[in-house]
Amino acid sequence: SLESATFARLFTRKRRGLADQITRAADAIPTHIAEGRGYATDRDFARYVTMAIKKANELECHLQRAVDSGLCPESEHATLTAATVEVRKMLIGLRKQLSKK
């Protein structure tokens, strides 16, 4: 989340909307997890984990748009995309565990 916000600052002046989308999507991932954890059932928590997965997908898309637009270095994009993919994998694993209960 913090890395994504730093990344988005690289091009805030050129594409404020895209920078805001990156920041909001990155911030929403832990927010959905925290909110979902407050529910009493694993089923409800899994629903919020699914929302966090969707936000990870959205973040990856926005990161790709930023590099495709020439707004950021490829190395920054590659690092953040790899981290986003890793978080998504962990969330998918968590959702599977919650579904088993």
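## Helix packing: terms

Axes are lines fitted to C-alpha atoms, for helices over the stretch in contact, and the angle between two of them runs from 0 to 180 degrees between N-to-C directions. Two packed helices are described by this angle and by the distance between the axes. The model discussed here is predicted.

## H3 against H4

Helix H4 covers residues 74-100 and packs on H3 at an angle of about 165°, the two axes being 9 Å apart. Angles over 145 degrees count as roughly antiparallel, so H3 is roughly antiparallel to H4. The residues in this contact comprise 15 nonpolar, six polar and five charged ones. The crossing of H3 and H4 is left-handed.

## H2 against H3

H3 itself spans residues 42-68, and its axis also comes within 8 Å of the axis of H2, residues 16-37. The crossing angle of H2 and H3 is roughly 165°, and these two helices are therefore roughly antiparallel to each other. Their crossing is left-handed.

On the H2 side, the contact is made by Leu18, Gln21, Ile22, Ala25, Ala26, Ala28, Ile29, His32, Ile33, Glu35, Gly36 and Arg37. H3 contributes Phe45, Tyr48, Met51, Ala52, Lys55, Ala56, Glu58, Leu59, His62, Leu63, Arg65 and Ala66. By class, the residues of the H2 contact with H3 divide into 15 nonpolar, four polar and five charged.

## Aromatic pairs

Rings of Phe, Tyr and Trp pair if their centres lie within 6.5 Å, and the count comes to two aromatic pairs. One of them joins Phe7 and Phe11, with 5.6 Å centre to centre and 85° between the planes. Planes over 60 degrees apart count as edge-to-face, and the Phe7 and Phe11 pair is classed that way. Phe7 has 1% relative accessibility and therefore counts as buried. Phe11, at 1% relative accessibility, likewise counts as buried.

Tyr39 and Tyr48 form a stacked pair, with 5.1 Å centre to centre and 25° between the planes. At 8% relative accessibility, Tyr48 counts as buried, whereas Tyr39, at 33%, counts as partly exposed. The cut-off for buried is under 20% relative accessible area, and exposed means over 50%.

Definitions and conventions: Residues are numbered from 1 along each chain as its sequence is written. This is a predicted model: local features need pLDDT of at least 70, side-chain atom pairs count only at pLDDT 80 or more; totals for chains, interfaces and linings use all residues. Side-chain values use heavy atoms; hydrogens and water are left out. Helices (H or I, at least four residues) and strands (E, at least two) are DSSP runs, numbered from the N terminus. Angles under 35 degrees count as roughly parallel, over 145 as roughly antiparallel, 65 to 115 as roughly perpendicular and the rest as oblique. A crossing is left-handed if the near helix is turned anticlockwise from the far one by less than a right angle, and right-handed if clockwise. Contact means heavy atoms within 4.5 Å. Ala, Val, Leu, Ile, Met, Phe, Trp, Tyr, Cys and Pro count as nonpolar, Asp, Glu, Lys and Arg as charged, and the others, Gly among them, as polar. Rings of Phe, Tyr and Trp (its six-membered ring) pair if their centres lie within 6.5 Å; planes under 30 degrees apart count as stacked, over 60 as edge-to-face and the rest as tilted. Buried means under 20% relative accessible area, exposed over 50%, partly exposed in between (1.4 Å probe, protein chains only).
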